[in-house]
Amino acid sequence: LKAGWFAEAQAELKTLPDPQTPEERLVRSRMLVAAFDHFSAVKMFNQSLSDKYELFNLSLAQYVFPREYENIVREKSKISGVDSALVWGLMRQESSFRAKVVSSSDAFGLMQLLTGTAQEVASAYKWKVPLRWPEDLYDPEINIKLGTTYLSRMVAAFNGHVPLALA
């Protein structure tokens with residue numbers, strides 16, 4: 001994992017027998033996080049807690065609420081005036097921190113941006129470099145910049161009411 005071989009680690013984890021107990025699922029969840037497979041980790045974590053909630057403690061929260069892309073999120077959040085925790089929560093919910101994910105409604109990347117929305121935000125803020133759509137929406141730096149800018153606009157449009165901005 002230290003070498004950055006996340007895909008290989010994820011493939012190897014899939015060859016292991018399925019965990020049988022909630023405790024085993026928590027351990028596997030931690031392994032999946034280390035392998036950068038947050039989608040599977042969160043799913044397994046939730047399953048283990050639904051089976052045995054008393055296993056939960058706050059130290060486990062870091063495994064299902066990670067601070068991935070921390071430098072980018074902190075920088076773009078500060079620039080756009082959006083709370084970084086909101087950005088991480090949105091990315092967790094929308095993409096499970098998968099940079100190259102596409103939804104059934106053709107939303108792309110970490111913050112699940114529609115191409116038209118991303119183009120409009122880039123145009124409105126006079127993006128200096130020509131972007132390739134939708135390929136560049138898989139780039140965490142670009143996706144988070146456009147996403148935090150759009151999120152900031154939506155929060156402002158709904159007078160700071162975050163649930164409405166996210167709807």
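**Entry 1: Val162**

I started with Val162 and found it in helix H9, which covers residues 162-166. I keep in mind that this is a predicted model. Is Val162 buried, partly exposed or exposed? Its relative accessibility comes out at 27%, so Val162 counts as partly exposed. Next I looked up its contacts, skipping residues up to four places away in sequence, and got Leu86 and Val155. I also checked Val162 against Ser50: the two are 112 residues apart in sequence, and their C-alpha atoms lie 28 Å apart in space.

**Entry 2: Thr148**

My next stop was Thr148, which belongs to helix H8, residues 140-157. Thr148 has a relative accessibility of 1%. The cut-off for buried is under 20%, so Thr148 is buried. Which residues does Thr148 touch, once neighbours within four places in sequence are left aside? I noted Lys76, Ser77, Ser80, Val82, Val87 and Met111. I then followed the side chain of Thr148 and saw that it reaches the backbone oxygen of Lys145 at 3.2 Å.

**Entry 3: charges over rings**

Lys145 turned up again when I went through the rings. Its charged end sits over the ring of Trp127, 5.0 Å from the ring centre. I wrote down another case of this kind: the charged end of Arg92 sits over the ring of Phe65, with 4.2 Å to the centre.

**Entry 4: aromatic pairs**

How many aromatic pairs does a search of the whole structure find? I got 5. A reminder to myself: a pair of aromatic rings is described by the distance of the centres and the angle of the planes.

One of the pairs is Phe36 with Tyr69, where the centres are 6.1 Å apart and the planes make an angle of 80 degrees. Planes over 60 degrees apart count as edge-to-face, so that is the label I gave Phe36 and Tyr69. Where do the two residues lie? Phe36 is in the loop between helix H2 (22-34) and helix H3 (38-51), while Tyr69 is in the loop between helix H4 (61-64) and helix H5 (70-80). The pair therefore ties together parts that are 33 residues apart in sequence. Phe36 itself is partly exposed, at a relative accessible area of 26%.

I then turned to Phe45 and Phe56, also an edge-to-face pair, with 6.4 Å from centre to centre and 75 degrees between the planes. Phe45 is part of helix H3 and Phe56 sits in the loop between H3 and H4, so this pair links parts 11 residues apart in sequence. I compared how the two are covered: Phe45 is buried, with a relative accessible area of 4%, whereas Phe56 is partly exposed at 31%.

**Entry 5: the whole chain**

To finish, I stepped back to the chain. I counted 9 helices and 2 strands, and from the N terminus on the elements run α-α-α-α-α-α-β-β-α-α-α. The C-alpha trace spans about 50 × 35 × 30 Å along its principal axes. Of the 167 residues, 42% count as buried. The chain exposes about 10,000 Å², and 56% of that is supplied by carbon and sulfur atoms. What share of the contacts with a separation of 6 or more comes from residues 24 or more positions apart? My note says 51%.

Note on methods
Residues numbered from 1 in each chain as written. Predicted model: local features only at pLDDT ≥ 70, side-chain atom pairs only at ≥ 80, totals over all residues. Heavy atoms only, no water. Phe/Tyr/Trp six-rings, centres within 6.5 Å; stacked < 30°, edge-to-face > 60°. Helix = DSSP H or I, 4+ residues; strand = E, 2+ residues; numbered from the N terminus. Buried < 20%, exposed > 50% of the residue type's maximum accessible area, 1.4 Å probe, protein only. Lys NZ or Arg CZ within 6 Å of the ring centre and 35° of its normal. Contact = heavy atoms within 4.5 Å. Polar contact = N/O pair within 3.5 Å; in protein donor to acceptor, adjacent residues only side chain to side chain. Areas by Shrake-Rupley, 256 points an atom, 1.4 Å probe, with all protein chains shown as cover.
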